[in-house]
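Reader: Could we go through this one together, starting with the rings and moving on from there?

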Amino acid sequence: MEYSYLWWIPLLPFAGFLMNGLLGRKLPRPAVAAIALLFTAGSFGLVLKLASTIFGGVESVSVAGPAWIAVSGFTVNFAFTVDHLTMLMLLIVTGVGFLIHLYAAGYMAHEEGYWRFFAYLNLFMFFMLVLVLAANFLLLFVGWEGVGLASYLLIGFYFKKDSAANAGKKAFIVNRVGDFGFLLAMFLIIANFHTLDFASVFSQISANPSLQGGLLTAIALLLVVGATGKSAQIPLYVWLPDAMEGPTPVSALIHAATMVTAGIYMVSRSHVLFDRSPFALCVVAVIGALTAIFAACIGMVQHDIKRVLAYSTVSQLGYMFLGCGVAAYTGAVFHLMTHAFFKALLFLAAGSVIHALNGEQDMRAMGGLRSKIPVTFWTMTMGVFAIAGFPPLAGFFSKDEILFQTFASGHVILWAVGLLTAGMTSFYMFRLWFKTFFGEFHEPAHDAHHDDHGHAHGVHESPAIMTIPLAILALLSIIGGWVGVPAALGGHMEIEHFLAPVFGEAAKAAAEPSHGLELGLAAVSVGVAVIGFLLAYTFYYKKPGTLGAVAEKNRGLYNVVANKFYIDEIYNALIVIPILAFSRLFLAAFVDKGVVDGTGAALGLTARGGGYFARKIQSGNIRSYAGWLALGAAVLLIAMTFGLKAFGATH
């Protein structure tokens with residue numbers, strides 16, 4: 001009973017969803033926003049209360065309801081558990097989530113479906129909190145599926161636009177592919193451990209040192225399939241860039257604080273499994289490194305400000321995967337936390353830019369905005385420097401921790417890929433920065449493309465309800481990384497100590513830091529970030545147009561990258577079109593119309609034929625009845641005669 005208030009952490013946003021979903025249409029907009037904000041703030045308040053317990057020295061707390069499933073000795077409880085990892089995730093989800101709700105109250109002020117938007121937003125929070133609080137794989141999967149449903153609703157919020165409706169469907173379907181792997185992993189866990197409870201599964205593995213690879217590798221790889229879908233990794237990353245069709249606050253929520261972090265959280269939560277499978281860890285590391293550099297390549301040539309940030313998210317998630325793959329789970333979760341701060345900031349600031357420009361998202365139509373929208377400029381500047389890896393901002397410490405652990409664990413090639421990606425990240429983020437805020441000011445066209453906030457007015461700074469969250473997130477982007485300052489730089493790596501009760505030996509297994517090596521690698525990392533800045537400064541500020549001429553000379557290569565390596569087209573040709581053709585030609589034409597409709601038609605004809613025959617018999621004519629009686633007697637006699645002979649012949 002002491003911690004029964006844990007139930008209310010997800011239930012409060014769910015109550016907000018119900019109220020706005022059922023009554024929001026009839027309520028004034030301030031009341032709709034107040035409901036959504038108050039219930040989210042209530043969850044955040046309960047999380048802070050819980051944090052005082054966890055930070056006070058309690059290792060974990062749990063609550064359990066009645067047995068959810070109890071069949072033949074297999075039991076799943078509806079239970080929540082909070083340990084240090086969950087605590088960190090709860091603070092991120094509710095804290096950053098509340099700021100995004102606050103920003104959205106201003107950003108969506110003139111949109112249709114205001115009540116519907118906040119109902120969906122609260123529903124998203126509910127499922128994400130269930131996912132994080134779950135004490136077993138099955139309940140985690142409920143939250144996992146729920147955020148998929150909520151993301152479908154939010155990405156397709158402007159459902160009258162085909163592009164938005166298709167983006168929602170794409171996110172939903174691609175994630176179902178990954179979920180299939182997750183389901184198979186759960187079936188294997190049930191078959192071999194007879195439980196889905198985290199503590200029970202992990203304790204069985206820990207108690208059996210001989211359990212290595214094999215079964216655990218199979219389970220881990222299937223979990224990875226699920227994680228690649230939810231956290232947008234190769235080959236299932238394709239839904240995330242298209243998710244930009246949703247309103248900008250949705251992009252911030254999905255990309256920063258909630259859905260895409262689920263895969264990283266799940267892999268980190270299951271680290272006991274992964275630690276026993278070097279092959280699975282290697283797969284995770286390679287997927288992460290390839291995703292990081294692949295997405296960074298595409299991000300360098302995008303012109304839509306939100307798409308640059310979308311590919312940046314995919315790339316940064318690759319970093320987190322890389323961290324998990326080298327068993328540096330603390331580094332991965334640390335980067336998840338700092339990324340939540342600066343990526344939410346970047347998306348919300350991009351929304352403020354779009355808001356100022358009447359919906360314009362193309363950076364080629366931007367420029368000279370730093371004096372027009374100074375608060376947005378300075379806050380977004382903090383986010384750009386943070387993600388680029390400049391010390392002492394948040395992104396520097398977390399990204400550097402992953403790179404250092406990758407190098408120190410002997411994965412030098414993967415470290416080189418990560419380092420190159422860091423330079424590319426710096427380049428494309430400063431490209432965005434220079435193209436948006438520097439150079440010549442372009443008066444926005446009144447008929448500019450309106451993405452999700454289209455009402456025309458002059459270029460202006462956003463209202464306080466939007467800039468206050470920007471300022472808070474900018475502050476977190478500056479100081480958020482200070483909880484992970486390594487000893488080589490005079491810190492105590494507090495986050496590593498905080499997460500040690502969860503990752504335990506895994507954290508200790510990570511390479512012991514050599515201060516000289518760590519400082520040297522950090523210097524290289526900063527040097528690469530500076531080079532990225534200088535290249536962007538040269539090509540997009542000092543000598544604008546230079547890189548355009550280079551691209552023109554290499555038009556073929558440029559087009560390949562600008563068209564995202566034609567991955568969508570390849571998927572369409574290899575998967576979508578064949579499935580559609582199979583569905584239309586076989587399932588629709590043969591199975592549906594041939595078998596299903598044909599069977600129905602045949603049954604109908606049979607019934608009509610039987611009826612016709614019965615009508616003939618029931619004619620009311622005595623001679624007809626006598627004839628039918630004679631015919632029946634003859635048929636019976638023939639059947640008995642030849643039937644008995646046939647029976648006698650076989651026996």
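Author: A charge is taken to sit over a ring if NZ of Lys or CZ of Arg is within 6 Å of the ring centre and within 35 degrees of the ring normal. This is a predicted model, and in it Lys-49 lies over the face of Tyr-5, at 4.3 Å from the ring centre.

Reader: And what does Arg-176 lie over?

Author: Arg-176 lies over the face of Phe-172, with 4.3 Å to the ring centre.

Reader: OK, on to rings with rings. How many aromatic pairs does the structure hold?

Author: There are 48 aromatic pairs in the structure. One of them joins Phe-141 and Phe-182, whose ring centres are 5.2 Å apart and whose planes meet at 85°, so the pair is edge-to-face.

Reader: Which helices do those two sit in?

Author: Phe-141 belongs to helix 5 (residues 137-155) and Phe-182 to helix 6 (residues 162-193), so that the pair, with its partners 41 residues apart, links distant parts of the chain.

Reader: Are Phe-141 and Phe-182 buried or exposed?

Author: Phe-141 and Phe-182 are both buried.

Reader: Which residues do ring pairs link into a cluster?

Author: The cluster linked by ring pairs is made of Phe-377, Trp-378, Phe-385, Phe-390, Phe-430, Trp-433, Phe-434, Phe-437, Phe-438, Phe-533, Tyr-537 and Tyr-541.

Reader: Let's take Phe-430 from that list. Where does it lie, and what does it touch?

Author: Phe-430 lies in helix 18, which spans residues 412-437. Leaving aside residues up to four places away in sequence, Phe-430 touches Val-384, Phe-385, Ala-388, Phe-390, Phe-533 and Ala-536; of these contacts, Phe-385, Phe-390 and Phe-533 also belong to the ring cluster.

Reader: Why does Phe-430 count as buried?

Author: Because its relative accessibility is 0%, and the cut-off for buried is under 20% relative accessible area.

Reader: And how far is Phe-430 from Ser-210?

Author: From C-alpha to C-alpha, Phe-430 and Ser-210 are 50 Å apart in space, and 220 residues separate them in sequence.

Reader: Switching to cysteines: how many disulfides are there?

Author: The structure holds 0 disulfides. For Cys-282, the closest cysteine sulfur is that of Cys-324, and at 14 Å it is too far for a bond, given that a disulfide needs the two sulfur atoms within 2.5 Å.

Reader: Which of the two cysteines is buried, and which is partly exposed?

Author: Cys-324 is buried, with a relative accessible area of 1%, whereas Cys-282 is partly exposed, with a relative accessible area of 42%.

Definitions and conventions: Residues are numbered from 1 along each chain as its sequence is written. This is a predicted model: local features need pLDDT of at least 70, side-chain atom pairs count only at pLDDT 80 or more; totals for chains, interfaces and linings use all residues. Side-chain values use heavy atoms; hydrogens and water are left out. Helices (H or I, at least four residues) and strands (E, at least two) are DSSP runs, numbered from the N terminus. Buried means under 20% relative accessible area, exposed over 50%, partly exposed in between (1.4 Å probe, protein chains only). Contact means heavy atoms within 4.5 Å. Rings of Phe, Tyr and Trp (its six-membered ring) pair if their centres lie within 6.5 Å; planes under 30 degrees apart count as stacked, over 60 as edge-to-face and the rest as tilted.
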